[in-house]
Amino acid sequence: MDKSRFSYPVPQKNIRITDRFWSERLEVVRRNVIPYQYQALHDNIPGAEKSYAIENFKKAVAVLRDRALGKSVPVYPTDKWYYGQDAPEGAFHGWVFQDSDVYKWLEAVAYSLINHYDPQLFAQASEVIDLVCSAQMDNGYLDTLYIINDPSQVFTNLRDFHELYCFGHLTEAAVAFFEATQDRRLLDSAVRFADLLCRVFGDNGKKGYPGHEIAELALVKLYGVTGAKKYLDLAEFFICQRGTKPYYYDTEHNTKTDGEGYRYNQAHCQPRHQYEAVGHAVRGVYLYSGMADVARLCDDDGLYSACRRIWDNICNRKLYITGGIGATADGEAFSYDYDLPNDLAYSETCASIGLSMFACRMACISPESKYGDVMERALYNTILASMSSEGTEFFYVNPLEVLPIASHCDSRKRHVKPVRQKWFGCACCPPNLARFLTSLGTYCFSCSENTLYIHQYVGAEIDTDFGNVNIDSTYASDGKVSVTFSASRPCELALRIPGWCRDFCIDVPYTVRDGYAYVAVDGDMTISMDFGIRPRLVACSGKVRANVGKAAVAYGPMIYCAESVDNGEDLHLLSLDATADLRYCDGRIIAKGFRTEPREDLYYDYIPCDTVPVDITMIPYYTWGNRGENEMTVYISVAKKL
């Protein structure tokens with residue numbers, strides 16, 4: 001690692017997003033998503049699956065009070081991932097990680113308060129924080145499943161259950177809320193829990209590590225805000241201990257395995273020796289994000305090399321064109337190389353968010369445009385697609401091809417929903433989306449001692465140590481960006497050149513390194529850029545079996561798709577004419593093509609089928625599913641060779 005190239009995200013409080021495209025979406029999050037999710041966490045959404053999240057915290061408070069009074073409290077099992085309506089009334093309900101939904105909501109609120117202070121929202125969050133803090137045990141432990149059901153089982157099943165995962169989200173929310181408001185209540189709660197973990201785990205304690213990662217990167221954040229190195233040390237311990245032999249998960253379950261079953265948890269071998277993205281995709285990218293943080297702060301080149309190997313494996317062999325990862329519903333996991341089915345894709349929203357977190361950290365270690373390119377792909381496609389235009393319905397799974405009848409009738413495709421859902425019993429994605437979008441600016445801009453890096457072209461006003469910056473951007477619609485810099489001292493501006501761009505213009509002198517155009521800034525300066533956005537066909541490696549003979553349509557950072565509401569049923573009968581121009585018009589792309597006229601015979605001696613010319617109407621992938629249940633496809637057959 002070259003420390004001279006390190007940069008750090010610009011703090012959210014120093015960024016005001018002014019971009020029309022993104023401001024509209026952030027306003028949807030503020031006005032609709034956050035209030036809607038508050039109601040969902042309180043089980044007040046008619047027709048939606050119950051969350052039980054707030055209810056569990058209230059139960060935990062009552063249980064702790066009764067125990068303090070010496071009352072007899074029932075003990076319930078802690079042996080399942082999900083506790084439904086058949087669970088006893090006084091027991092924990094929902095998924096084992098249900099607490100984390102509350103923490104993610106609080107984190108989204110924190111960022112929203114930075115962007116737009118709202119006293120009513122602060123009061124709601126304050127009430128929830130008081131509830132959370134009241135549910136904490138005297139020793140700092142905080143997980144409602146074990147507090148309610150059986151505290152004797154604390155830290156006995158790290159592999160399967162989510163105490164450390166919930167701690168991670170508590171800590172991220174706590175840091176964000178403190179930075180937003182200087183209110184220490186949640187931060188003090190997270191510190192108490194972290195101090196307990198430091199006493200329980202480590203070289204002189206338990207040799208365990210999280211089954212579902214995120215505590216690692218959260219501990220790094222806690223170290224950043226408190227300066228207490230023991231939190232960084234614990235993050236490093238969790239990462240370095242992971243996958244060592246004898247396997248800790250064997251020890252806690254009294255088994256002896258070869259470790260292959262722990263690929264799901266990325267615990268089959270030590271992270272520094274891993275070279276392939278395997279297992280549960282969300283867990284994976286959260287781990288890789290923590291690895292990147294620890295590698296930088298602990299000057300660990302071996303760990304950083306592993307991050308680069310894994311990054312290359314994801315982006316060259318396991319990444320959907322929409323920025324989705326995790327191809328298979330079996331374990332919500334990375335599949336084998338080049339296995340990227342369109343109609344069976346899992347591509348969980350949380351996984352694309354986690355991939356963006358990983359990309360951001362890698363770009364801050366080494367500014368190479370490939371990291372921003374992948375973040376952009378995820379951001380403008382899978383992440384945005386996961387929320388309805390009103391912000392009150394959501395996708396958990398983000399396929400690239402949908403046939404509604406298959407989703408309803410074929411058990412292999414029941415994870416694929418043809419319309420967004422009001423909520424989920426396993427509701428990790430909606431609050432994760434809210435916290436990501438409200439903190440968008442920190443993923444777009446970073447600073448080193450002398451350089452401001454623009455990783456994403458989101459219009460914003462930014463305060464930096466070397467001056468004020470105003471970015472005026474219509475990047476999403478026409479690829480044009482203007483940056484006005486009022487520099488208080490000489491510095492550099494680093495502008496990412498998008499990977500999709502074939503012809504760009506920057507109207508001042510610059511030099512290019514690793515996909516960034518570096519501009520020397522001294523005093524007041526305005527820089528205009530035009531990235532030459534145009535519709536284009538994108539082909540896929542022939543090693544991806546699902547896409548042989550097909551292509552996708554893209555416009556700048558956005559991938560487009562066809563829906564049957566525009567093109568009629570049986571989208572698989574459409575073919576693109578690769579020789580014809582693609583026409584962009586008011587956000588849609590019109591492509592010349594053909595529709596095959598199918599025969600009624602199930603089988604017949606081969607003769608070419610008749611085709612008729614058609615105009616194929618395509619819309620941005622992130623907008624699909626907003627006009628009712630209908631077919632959708634990203635990849636379309638190509639009538640002539642590309």
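Y338 sits in the loop between α12 and α13. Helices here are DSSP runs of H or I with at least four residues, strands are E runs of at least two, and both are numbered from the N terminus. Y338 is not a glycine, yet its phi is positive, at about 70°. The model is predicted, so local features need pLDDT of at least 70 and side-chain atom pairs pLDDT 80 or more, while totals for chains, interfaces and linings use all residues. Numbering runs from 1 along each chain as its sequence is written, and side-chain values use heavy atoms, without hydrogens and water.

**Backbone**

D43 is another residue other than glycine with a positive phi, near 60°. D43 lies in the loop between α1 (20-41) and α2 (53-68). Its relative accessible area is 23%, so D43 is partly exposed. The classes are buried under 20%, exposed over 50% and partly exposed in between, for a 1.4 Å probe and protein chains only.

K245 and P246 are joined by a cis peptide bond, with omega about -5°. P246 belongs to the loop between α9 (229-241) and α10 (248-253).

**Salt bridges**

The structure holds 40 salt bridges. Each puts a side-chain nitrogen of Lys or Arg within 4 Å of a carboxyl oxygen of Asp or Glu.

| Pair | Closest N and O atoms |
|---|---|
| D514 and R5 | 2.9 Å |
| K413 and D343 | 2.8 Å |
| D566 and R588 | 3.3 Å |

D514 and R5 form a salt bridge. This pair links distant parts of the chain, 509 residues apart: D514 is in the loop between β13 (511-513) and β14 (516-521), and R5 is in the segment before β1 (8-9). D514 is partly exposed, at 42% relative accessible area. R5 is also partly exposed, at 21%.

K413 pairs with D343. K413 is in the loop between α15 (404-409) and α16 (429-438) and D343 in the loop between α12 (301-317) and α13 (349-365), so the bridge ties together parts 70 residues apart in sequence. K413 counts as buried, at 16% relative accessibility. D343 is partly exposed, at 23%.

D566 pairs with R588. D566 lies in helix α19 (residues 564-567) and R588 in strand β21 (residues 588-596), so parts 22 residues apart in sequence are tied together. Both ends are partly exposed: D566 at 26% and R588 at 32%.

Salt bridges also link E260, R263, E276, R317, K318 and D337 in a network.

**Helix packing**

Helix α8 (residues 215-226) packs on helix α11 (residues 281-297) at an angle of about 40°, with the axes 7 Å apart. Axes are lines fitted to C-alpha atoms, for helices over the stretch in contact, and angles run from 0 to 180 degrees between N-to-C directions. That makes α8 oblique to α11. Angles under 35 degrees are roughly parallel, over 145 roughly antiparallel, 65 to 115 roughly perpendicular, and the rest oblique. From α8, the contact uses E216, L217, V220 and Y223; from α11, it uses Y286, L287, S289, G290, D293, V294 and L297. Contact means heavy atoms within 4.5 Å.

**Core**

The largest nonpolar core has 221 residues. Such a core is a set of buried Ala, Val, Leu, Ile, Met, Phe, Trp, Tyr and Cys residues joined through side-chain atoms within 4.5 Å. Those with the most contacts inside the core are W22, W105, F155, F445, L493, L495 and V634. Leaving out residues up to four places away in sequence, L493 touches L452, I454, V483, F485, A517, Y518, V519, V521 and I527.
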